[in-house]
Amino acid sequence: GGGLALAVQSGSEVDKQRKLMVLVTIGHGVLGLLNLISGNFMDGLFDLMGAGIGYWGIREEERVQPTMVLCYLVFVIMDCFWAILTSMLLIADVKQIEGPVWRRSLFRGLTYASVFFYAIAIYVSYKLYKMLQRQWDETMGGIEAGNPYNGGGGGALGSLGGGSGNGGGSGGGFPAPGVVNRGFARLGGSSSASGAASGFKGQGYRLGDGKRVGGR
């Protein structure tokens, strides 16, 4: 998949939060299936889609994608809003549900319960996103600050939804897709980035005249 992919240290706080979000996305998928059974097809399909996005972005500790975590966060915020609205319509007896009694009861129960589930999903995904953002800043901030291609100087990250990094990052301050390769940094462990910025090896030539200018 495209976009920035980060590796998190196994057993770190970031990894524990990732595993918690994995459980949340699995529960979200179950909620989607139950919504389909209750006849709430639109919400069920959206639940399955959101659960898939969230799970796919965090399924491997070696490939955590902050952009997809942010997408999932936006997804569950919208889900929570609509669940609250639907609950209010049901309580006011404005929304009518068709079908057998068991299906109507399941529809109501899932709608009310989903409000609390989405609130938990918002908290878990937001916390993971901020942890990834903070660890990235601590791990790669110095390297990014000195990178002439990022304009030099300044922190690598900004706040959620309004990154201040000079690299024009996506996902609230992370670099744009393709700027950093997979495995460039391991988060939650050592503050040094393995595999980052090694010296030039080979023969150097000046563009235009083909003259050798050095190298290793």
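Where does Ser-38 lie? Ser-38 is in the loop between helix 1 (13–37) and helix 2. The close-ups below come from a predicted model, in which local features need pLDDT of at least 70, side-chain atom pairs count only at pLDDT 80 or more, and totals for chains, interfaces and linings use all residues. Residues are numbered from 1 along each chain as its sequence is written, and side-chain values use heavy atoms, with hydrogens and water left out.

**View 1. Ser-38 in the loop between helix 1 and helix 2.** Helices (H or I, at least four residues) are DSSP runs, numbered from the N terminus. Ser-38 has a relative accessible area of 2%, so it is buried (buried is under 20%, exposed over 50%, partly exposed in between; 1.4 Å probe, protein chains only). Its contacts include Arg-103, Leu-106, Phe-107 and Leu-110, leaving aside residues up to four places away in sequence (contact: heavy atoms within 4.5 Å). Ser-38 and Ser-105 are 67 residues apart in sequence, yet their C-alpha atoms are 8.5 Å apart in space.

**View 2. The ring pair Phe-46 and Phe-75.** The whole structure holds three aromatic pairs (rings of Phe, Tyr and Trp, the last by its six-membered ring, with centres within 6.5 Å; planes under 30 degrees apart are stacked, over 60 edge-to-face, the rest tilted). Phe-46 and Phe-75 have ring centres 6.3 Å apart and planes at 45 degrees, so this pair is tilted. Phe-46 belongs to helix 2 (residues 41–58) and Phe-75 to helix 3 (residues 66–91), so the pair ties together parts 29 residues apart in sequence. Phe-46 is partly exposed at 37% relative accessible area. Phe-75 is buried at 12%.

**View 3. The ring pair Phe-81 and Trp-82.** This pair is edge-to-face, at 5.2 Å centre to centre with 75 degrees between the planes. Both residues are exposed.

**View 4. Arg-59 over the face of Trp-56.** Arg-59 lies 3.6 Å from the ring centre (a charge sits over a ring if NZ of Lys or CZ of Arg is within 6 Å of the ring centre and within 35 degrees of the ring normal).

**View 5. Helix 3 and what follows.** Helix 3 has 26 residues. From first C-alpha to last it reaches 37 Å, close to the 38 Å expected at 1.5 Å a residue (the expected span is 1.5 Å times one less than the number of residues). Asp-93 follows helix 3, with a positive phi near 60 degrees.

**View 6. Cys-71 and Cys-80.** Cys-71 is partly exposed at 38% relative accessibility. Cys-80 is buried at 10%. The whole structure has zero disulfides (cysteine sulfur atoms within 2.5 Å).

Definitions and conventions. Helix = DSSP H or I, 4+ residues; strand = E, 2+ residues; numbered from the N terminus.
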